[in-house]
Amino acid sequence: MYPGVFFRLTARLLLWGLPLSAIGQAVSDYTIPQIQGSEWKSPLQKQTVRVVGVVTASFQEKGQLGGFFIQDPTGDSNPFTSDGLFIHHTAPPQVKAGFLVRVSGTADEYKGLTEITKVTAVEILDSGKNIQPTPLKLPVSSMAILEQHEGMLITIRQPLMVISNENLGTYGELMLGTSRLFHPTTTIDPNDADASGNTFKGAFNTAAVTRQEDLNKRSRLILDDGKLEKNPRPIPYLEPGQPTLRNGSLTESVTGILTYAFGQYRVHPTEAVVFKYAERLSLPPSNPKDLVIASFNVWNFFNGDGQGGGFPTPRGAQSLQELNRQAEKLYAALQALDADIVGLMEIENDGDDAYSAIATLVRGLNHVLGAPVYDYIRDPAEGKLFPPRDEIKVAIIYKKDKVTPVGTPRADTSAVFQRLPLAQTFTIRATGKPLTVIVNHFKSKRCNEATGPNADQGDGQGCYNALRTKQAEALAHFAHHLSKELTGLLLIGDFNSYHEEDPLDLLKASGFRLLTPHDYTFIGQSGEAGSLDHVLVSPDLLPNVTGVHVWHINADEPAVLNYRLENPPALYQPDAYRSSDHDPLIIYLEME
């Protein structure tokens, strides 16, 4: 090569933003299906390739995916090879849907997505080309079907439901499913083929759990706004004037590019997605004669030093302003619940003096109510365990004109508990009848440091199921110690177990009746709904129960509506919605 030609070519490569290493490289022509291959990874990985395709969508602008998608206009008629491909390239030329382009670069895999990277040339050959979207239907028969359409323009024309909006405000994502998807162990017992069984050891029915898990995976997709930036503004998919895009909202169709990232198949829409918004549900009515009891996870209510300082805290609010916003939402929820006794979970374990979190919560609630309506049970373990086993604890608040505490509160200090069960006997003022409430918060399903039997056993019950089962056994002993005849007992709280899991089976086998409806109080990262919060009663109380309900104010609401200051200011409202990540349970007892 003559020196002048070399320098002119070098200058042109630099102008195009192309690496000097591109000079002299051998480039072979391949079709998109050849690059994709019929397996999970490209057979041409790390090889230099040249490919022709029609642009189906471009995401080259700042903050977007950093490239564009192309598709073979004819395909290879092989259902096992995808006809679409992602081109990781933001430098000129900027392309648009309908352009026919020829791209040179390196075939590669990025976190499970086949792509062309280190692009050395993008040539626009023509425009006005049209690719028809390929129809898909959920659930797919296998996850391989999605892999075989990776990078392609697809359309799903069937009703799809929003099943998780947790990442809507943070990453511009919604999870869509064929319907509300429940965690398998909500209805399938890992031990008993008949879910009414109370076996709490073994794994004789795990295959049924696994089948349901697989069906759930094949029944959902992520709707992704095609941006990489965190906290996109404006928040996608929200129509003007709509306060919330709740889980349960419906769309009739989705058209876009099917791709894969962060362990999930997702669709970047190329057409506007229209939703029919799910309505917020009102609190179920109660009989004025009923005693109302609630179970409410207050989502790490930490109050700093209790005097306006001490922020940021280990959990919860990171400033006094955030604490005030969090408290406003909790007060709104508690005021609406109007319960005579409330079991609280995830309140700061900082004692019960005037500056404690529980004192702050009750004082603020009474201020909102305009009278000293509520008091709280003093912590029987205060000063007895040092250091405390956990940063959070359970607590009980009660209406002073409805019930009267009898005797001293009791906590189960067994070594198996991180958050100690709290028991208090009350006398119902209107009738003089006794009732003992035990509030609980079992070990979570997070797998931090889980080993041996506490590791995930693949039976749908998650990590630390063995520990939770031991906690259930200890709770049963504690309850029997409080009432040898097992009478007048109400167990409430966050058991971190779904309906058919071992801890609840053990409690049922010990004599308690599980009354939680097959509803949901929580939605996990997989979009699967289920109830981690439960109500169990001793058999003698069963005739007194007139209703158990879930008030869906939190699990269905986008996290972006919470008290955090990082959220758009206009979205914050001092109301009950997204005051926590768990929905409260309400129990009605006719105690006359």
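Colleague: What should the 18 residues of helix α8 span at 1.5 Å a residue?
Modeller: Helix α8 (residues 465–482) should span 26 Å, and its end C-alpha atoms are 25 Å apart, which agrees. The expected span of a helix is taken as 1.5 Å times one less than its number of residues. Helices here are DSSP runs of H or I with at least four residues, strands are runs of E with at least two, and both are numbered from the N terminus.

Colleague: Before we go on, what kind of model is this?
Modeller: This is a predicted model, in which local features need pLDDT of at least 70 and side-chain atom pairs count only at pLDDT 80 or more, while totals for chains, interfaces and linings use all residues. Residues are numbered from 1 along each chain as its sequence is written, and side-chain values use heavy atoms, with hydrogens and water left out.

Colleague: OK, the big picture then: how many helices and strands does the protein chain have?
Modeller: The secondary structure of the protein chain comes to nine helices and 29 strands, and the C-alpha trace spans about 100 × 55 × 45 Å along its principal axes. Of the 592 residues, 56% are buried, where buried means under 20% relative accessible area, exposed means over 50% and partly exposed lies in between, using a 1.4 Å probe and protein chains only. Among contacts (heavy atoms within 4.5 Å) with a separation of 6 or more, residues 24 or more positions apart account for 70%.

Colleague: Back to α8, what covers its buried residues?
Modeller: The cover includes β20 (403–411), β21 (422–428), β22 (434–441), β23 (489–494) and α9 (502–509). The buried residues of α8 include Leu467, Gln471, Ala474, Phe478 and Leu482.

Colleague: And are α8 and α9 roughly parallel or roughly perpendicular?
Modeller: They pack at an angle of about 20° with their axes 8 Å apart, and are therefore roughly parallel to each other. Angles under 35 degrees count as roughly parallel, over 145 as roughly antiparallel, 65 to 115 as roughly perpendicular and the rest as oblique. The axes are lines fitted to C-alpha atoms, for helices over the stretch in contact, and angles run from 0 to 180 degrees between N-to-C directions.

Colleague: Which residues make that contact?
Modeller: On the α8 side they are Asn465, Arg468, Thr469, Ala472, Glu473, Leu475 and Ala476, and on the α9 side Asp502, Pro503, Leu506 and Leu507. They divide into six nonpolar, two polar and three charged, where Ala, Val, Leu, Ile, Met, Phe, Trp, Tyr, Cys and Pro count as nonpolar, Asp, Glu, Lys and Arg as charged, and the others, Gly among them, as polar.

Colleague: Now for the other pair, at what angle do α6 and α7 cross?
Modeller: The axes of α6 (residues 320–337) and α7 (residues 357–369) come within 10 Å and cross at roughly 65°, so these two helices are roughly perpendicular to each other. The contact is made by Leu330, Tyr331, Leu334 and Gln335 of α6 together with Thr360, Leu361, Gly364, Leu365, Val368 and Leu369 of α7. Seven of these residues are nonpolar, three are polar and none is charged.

Colleague: What happens just after α7?
Modeller: Gly370 takes a positive phi of about 80° there.

Colleague: Where else is phi positive, in a residue that is not a glycine?
Modeller: One of them is Lys46, with a phi of about 75°, which lies in the loop between α2 (32–36) and β2 (48–59) and is exposed, with a relative accessible area of 58%. Glu449 has a phi near 60°, lies in the loop between β22 and α8 and counts as exposed at 75% relative accessibility. Most residues other than glycine have a negative phi, and most peptide bonds are trans.

Colleague: Where are the cis peptide bonds, then?
Modeller: One joins Pro92 and Pro93, with omega about 5°, and Pro93 is in the loop between β4 (84–88) and β5 (100–110). Another joins Leu138 and Pro139, with omega about -5°, and Pro139 is in the loop between β7 (134–136) and α3 (143–147).
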